[in-house]
Amino acid sequence: MKKDIAVSAEGVTVAFRPFVERKPTLRKTLANFRSRERETVIALDHVSFEVKRGEAFGIVGSNGAGKSTLMRVVAGTLRPDEGRVVTTGRTSTLLQLGVGFNAELSGTRNIYLGGLAAGLRRATIDEILDDIVKYAELEEAIDRPIKTYSSGMLSRLAFSIGMHLEPDILLLDEILSVGDEAFRTKSEQAMQDLLDRSGTILFVSHSLSKVAEFCDRAMWLEKGVVKDLGPAEEVVERYRTAVAAGR
Amino acid sequence: MGFGDWQAIQSTLVAVSPPTGIFYNARRLRTYFTDLWNRREFAWFLAMGNLKARNASTALGLFWWVLNPLLLGLVYFLVFGIFFGGSRPEGYIAYLLAGMFVFHFTHQSMTGGANAILQNAKLLANLKFPRLVLLISSLIESSVGFLASLLVFYAIAWPTVGVHPSRYLVLLLAVLPIHVLFNLGLSAVVARLAVPFRDINNFIPYLNRLWLYMSPIIWPLSFLENAGPTLRRLVELNPMFPLIELYRSALIGAPDYPFDLGDLLISLAWAVSVFVLGVAGFIRYETRMVRYL
């Protein structure tokens, strides 16, 4: 693997069998046992790309294009049916509001839960706990169960935890669309800092202007297939035109 | 950043389609268990958190862990104590409770592992870590309950039938690890099945009730003397059989329940087989698990 590559995906293919695999019951499986040939949904179809160190890489596409599935494969929580993904460095995931969020537990306990699951030592978390809370601006709410938090508070907490794990690769899935303006400015600054110290960001968003403005390159996914890959502004422009033309 | 620093940053194969090659798998397995060891604080934190939460949400907290098998044991004591009458063994209450607590530990482990995975679905969806850590954390939780129940065992058996800790208690040092290994393997089997097929969780109480009746817990061992050799052999195939015998040796001791090395070896063989098969099946499956949550 080349040294300046942070994430490399080769021929990643993920197929879901919706009727049996999504919510299988014994009855359905037994019923389907004879007819082995079921309808499958290809979430990702031979997706290949490389992301360099220090690069912000955007992923755009309509709902169900496979963006979140791809993020899960890169995060290592979902094994593809075909293909492989190699990452270099520590990966931190901020997928849809939740680094290990258990709604019944307090903010503090969630920070420990997420940090320990990510592989940090408890002593390390003890040290950075105050910073995480302060950065998320949650000093007053941190001992309350997080089911009482607003969506903005949750995304601030998620972002703060993710950044304090000091990742080399940050996976962001629609995380920044919820915080308020002040926090958005602050988080964008943190992301820029990460890029400046040659960290890498994979960025999934429906906010096309954000992708065009923030990312160096972008990939356009449609029904699990790479439709376009190139400089972010150009890809976003072509995607916009296609959407406007009704495809 | 100099070239030296570069070397320190490892490339990680985060995701790969179904792997091939035995050497490749051996290396992956070693990485898996290293990762698991690095998450030991996570397992402990989760277990202690759940224990605390349980203590906070119900008035009797952890005591329910002890109370469930205890109350069930007392019911059986009243019903079958009268029923069996003269044929029940000396110190029946100690005989019964030792079996009930041991069985309850296994029962709790079986359902606990799958529940731990379902409860932490969000964690699983977002972070990559060895999923076995959740089963271990649930096992730590039920181990604490089991140890507490051993104290209760003596609190009841000592004043009533005079059963007290003896030097045979040392046997626990061998029996407990075997039991824990066995339970971990079983919880991996159940989790492997119950995560994709939620129905399984509903079957387990009935299945285990049957298992309880087939184990030498309620009925006295003397029952077997009247049974035919085939039935006897069949009953002794039950992995619970040697395990409970061992616990009775440890907790009650000689002369009524002498230690039998054969029981220890059979239990060990059961535990190792169930552990290896259960955990291997679970690890092979766990990267697909997120699809079912």
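So, which handedness does the crossing of α8(B) and α13(B) have? The crossing is left-handed, and left-handed here means that the near helix is turned anticlockwise from the far one by less than a right angle, while clockwise would be right-handed.

Before I go on, some housekeeping. This is a predicted model, where local features need pLDDT of at least 70 and side-chain atom pairs count only at pLDDT 80 or more, though totals for chains, interfaces and linings use all residues. Residues are numbered from 1 along each chain as its sequence is written, chains are lettered from A and ligands numbered from 1 in the order in which they are written, and side-chain values use heavy atoms, with hydrogens and water left out.

Okay, back to that helix pair. Two packed helices are described by the angle between their axes and the distance between the axes. In chain B, helix α8 covers residues 172–194 and helix α13 covers residues 261–286; they pack at an angle of about 35°, with axes 7 Å apart. The axes are lines fitted to C-alpha atoms, for helices over the stretch in contact, and the angles run from 0 to 180 degrees between N-to-C directions. What sits in the contact of α8(B) with α13(B)? Its residues divide into 19 nonpolar, four polar and one charged. Nonpolar is Ala, Val, Leu, Ile, Met, Phe, Trp, Tyr, Cys and Pro, charged is Asp, Glu, Lys and Arg, and polar is the others, Gly among them.

Zooming out to chain B: you get 13 helices and one strand. Those are DSSP runs, numbered from the N terminus, with helices as H or I of at least four residues and strands as E of at least two. Of the chain's 293 residues, 48% count as buried, buried being under 20% relative accessible area, exposed over 50%, and partly exposed in between, with a 1.4 Å probe and protein chains only. And residues 24 or more positions apart account for 79% of the contacts in chain B with a separation of 6 or more, a contact being heavy atoms within 4.5 Å.

How far to trust it? pLDDT is the predictor's confidence in each residue, from 0 to 100. Chain B has a mean of 84, and 88% of its residues reach 70 or more. For the complex, the predictor gives an ipTM of 0.79 and a pTM of 0.84.

Now a few single residues. B:S249 is in helix α12 of chain B, residues 240–251. Why does B:S249 count as buried? Because its relative accessibility is 2%. A polar atom of its side chain lies 3.2 Å from the backbone oxygen of B:P258. Not counting residues up to four places away in sequence, B:S249 touches B:Y168, B:L171, B:Y257, B:P258 and B:F259.

Then B:G162, in the loop between α7 and α8 of chain B. B:G162 and B:G91 are 71 residues apart in sequence, yet 8.3 Å apart in space, C-alpha to C-alpha.

Last stop, backbone angles in chain A. Most residues other than glycine have a negative phi. A:H46, in strand β2 of chain A, has a positive phi near 45°. A:E137 has a positive phi too, near 55°, and is found in the loop between α5 and α6 of chain A.

Notes
A polar contact is a pair of N or O atoms within 3.5 Å; within protein, one must be able to donate a hydrogen and the other to accept it, and residues adjacent in sequence count only if both atoms are side-chain atoms.
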